[in-house]
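Hi,

Here's the structure I said I'd send over. Have a look at it first, and then read on for what turned up when I went through it.

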Amino acid sequence: MDELSLLLGSLGLSTVGSAVQKRLAPDAATLIGRGKAEELREFCAARNADHLVFNEQLSPIQKNNLEKIILPSASTPQAAASNLNSNFKIWDRPFVIMKIFERRARTAEAKLQVELALTRYEIPHLKGLGLQMSRTGAGIGTRGPGETEFERHRRKLERKVREIAKKLENVRKQRRLVRERRKKMGVSTVSLVGYTNSGKSTLLRALSGDATIWAEDRLFSTLDTTVRRIGLPGGGNALFSDTVGFIRQLPLGLVAAFRATLEEISAAELLLLTLDASATDVLETYSVITKTLAEIGCDNIPRIVALNKEDLITPQERATIASCLRALGERVVLISALEAEGLRGLLEMVEGELSLQDSWYVRC
Ligand SMILES: Nc1nc2c(ncn2[C@@H]2O[C@H](COP(=O)(O)OP(=O)(O)OP(=O)(O)O)[C@@H](O)[C@H]2O)c(=O)[nH]1
Ligand SMILES: [Mg+2]
């Protein structure tokens, strides 16, 4: 819930209250149950809230039912009587994350990917609107009687999805060509992966000495891939790539839309899994990353865990977290990207791993 508040803060929204519902099982129609939804309507009205945000994914049916119960224009007299803002909105966690991505997207590619995810998200949610949208009559230029406003809108969105997907397919082809060229040149790629705000961009900035690489204390500051050639202690070099961070329940729509970006990870010879050692839930973020890597088919790529922000924790804490991760079979190196501590040890480990892979290839 704290993370949800942070996510909302990224959109300029402050949290005025929060509530938790305990149930044996989620309610198929409303997720939280009708009674709780009615209670939340009063809760929001009392706090003069503009949004009710669920830290879960709502199905289109659940969202539609909740809107019927809660929104001021809704049919129930209680809802109409509640003094909720007329612009009141109900959002779910995937939508919040997509909105942040939309706000952060800078390049044409990132913008296209976000647009694809948002449009795909919108289509199933249109169904609920179908009843509210009026039927258009038959006539010249329409598809004949029976076509509803919502069907026309849906077809328009589906066309948009096809167009964006085609453009992104070209991006993927271009990327594939670049990767093949790099492979032919024998350059290895090391991909930085990790939770959002764990320090990936700060690390690439420290390794490359390139101050133009953007790093800041906010969620999802990086949405694109940045690649830099980094010299290794033994004289070789490798390409290090920084990309979009992960988060709990990263919306599947975004994972699918960001395929071109995420494929950069799957093409890497080595992953540098960056963890924020100062986060209270560092081991939980570790399991979110390993789970996401498995989901995108990258869990069998060799990896090194860079336990970052070591400057913010005590030696005792460092030892505890590192030994937990080693017990899980990880190779761990402690670093501070901000203070450029431990970077040589990290590069030596990277070089050792890459040369192992080379000799393996040679032996085969
Ligand atoms: N104290 C300390 N802060 C760090 C360290 N590394 C990064 N930070 C800070 O952590 C914040 C996030 O850093 P980024 O490099 O932008 O993190 P990221 O993983 O690229 O984040 P996204 O692009 O959002 O996924 C920034 O405020 C950095 O200054 C570190 O070693 N020590
Ligand atoms: Mg970043």
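Let me start in a loop: Asn48 sits between α2 and β1, the strand at 51-54. Keep in mind that this is a predicted model. Most residues other than glycine have a negative phi. Is Asn48 buried or exposed? Exposed: there are 10 other C-beta atoms within 10 Å of Asn48, and the limit for exposed is 12 or fewer.

Asn83 is 35 residues apart from Asn48 along the chain, and their C-alpha atoms are separated by 8.4 Å. You'll find Asn83 in the loop that runs between α4 (77-81) and β2 (89-92). Asn83 is exposed too, given 9 other C-beta atoms within 10 Å.

Ala340 belongs to the loop between β8 (332-334) and α13 (343-363). Ala340 has 15 C-beta neighbours inside 10 Å, so it comes out as partly exposed.

Ser336 lies in that loop between β8 and α13 as well. How many other C-beta atoms lie within 10 Å of Ser336? The count is 20, and 20 or more is what buried takes, so Ser336 is buried. Leaving out residues up to four places away in sequence, Ser336 touches Asn308, Lys309, Glu310, Asp311, Glu341 and Gly342. Ser336 also pairs up with Ala306: 30 residues apart in sequence, and 9.1 Å apart from C-alpha to C-alpha.

Zooming out for a moment, the chain has 13 helices and 8 strands. Of its 364 residues, 33% are buried. If you take the contacts between residues at least 6 apart in sequence, 70% of them join residues at least 24 apart.

On the α2 side the contact is made by Arg34, Ala37, Glu38, Leu40 and Arg41, and on the α3 side by Leu66, Ile69 and Ile70. Sorted by class, the contact between α2 and α3 has 5 nonpolar and 3 charged residues, with no polar ones.

Next up is α1 (residues 2-10) against α5 (residues 93-104). Here the angle is about 40 degrees, with the axes 9 Å apart. Which way does α1 pass α5? The crossing is left-handed. Leu4, Leu7, Leu8 and Ser10 from α1 meet Arg93, Val96, Ile97 and Ile100 from α5. The tally for the contact of α1 with α5 is 6 nonpolar, 1 polar and 1 charged.

The remaining pair is α7 (residues 149-184) and α10 (residues 259-266), whose axes come within 9 Å and cross at roughly 20 degrees. Angles under 35 degrees count as roughly parallel, and so α7 is roughly parallel to α10. The crossing of α7 and α10 is right-handed. α7 brings Leu168, Val171, Arg172 and Arg175 to the contact, where they meet Arg259, Ala260, Glu263 and Glu264 of α10. By class, the contact of α7 with α10 splits into 3 nonpolar and 5 charged residues, with no polar ones.

Last, the ligand. Ligand 1 is surrounded by 23 residues, and the closest are Gly199, Ala215, Asp217, Thr222 and Gly245. Which helix gives the most to the shell around ligand 1? That would be α8 (residues 200-208), with 3 residues. As for the make-up of the shell around ligand 1, there are 12 polar, 6 nonpolar and 5 charged residues.

That's everything from my side.

Cheers

Methods: Residues are numbered from 1 along each chain as its sequence is written. Chains are lettered from A and ligands numbered from 1 in the order in which they are written. This is a predicted model: local features need pLDDT of at least 70, side-chain atom pairs count only at pLDDT 80 or more; totals for chains, interfaces and linings use all residues. Helices (H or I, at least four residues) and strands (E, at least two) are DSSP runs, numbered from the N terminus. A residue is near a molecule or strand if its C-beta atom, placed from the backbone, lies within 6 Å of it. Ala, Val, Leu, Ile, Met, Phe, Trp, Tyr, Cys and Pro count as nonpolar, Asp, Glu, Lys and Arg as charged, and the others, Gly among them, as polar. Two residues are in contact if their C-beta atoms, placed from the backbone, lie within 7 Å. Axes are lines fitted to C-alpha atoms, for helices over the stretch in contact, and angles run from 0 to 180 degrees between N-to-C directions. A crossing is left-handed if the near helix is turned anticlockwise from the far one by less than a right angle, and right-handed if clockwise. Angles under 35 degrees count as roughly parallel, over 145 as roughly antiparallel, 65 to 115 as roughly perpendicular and the rest as oblique.
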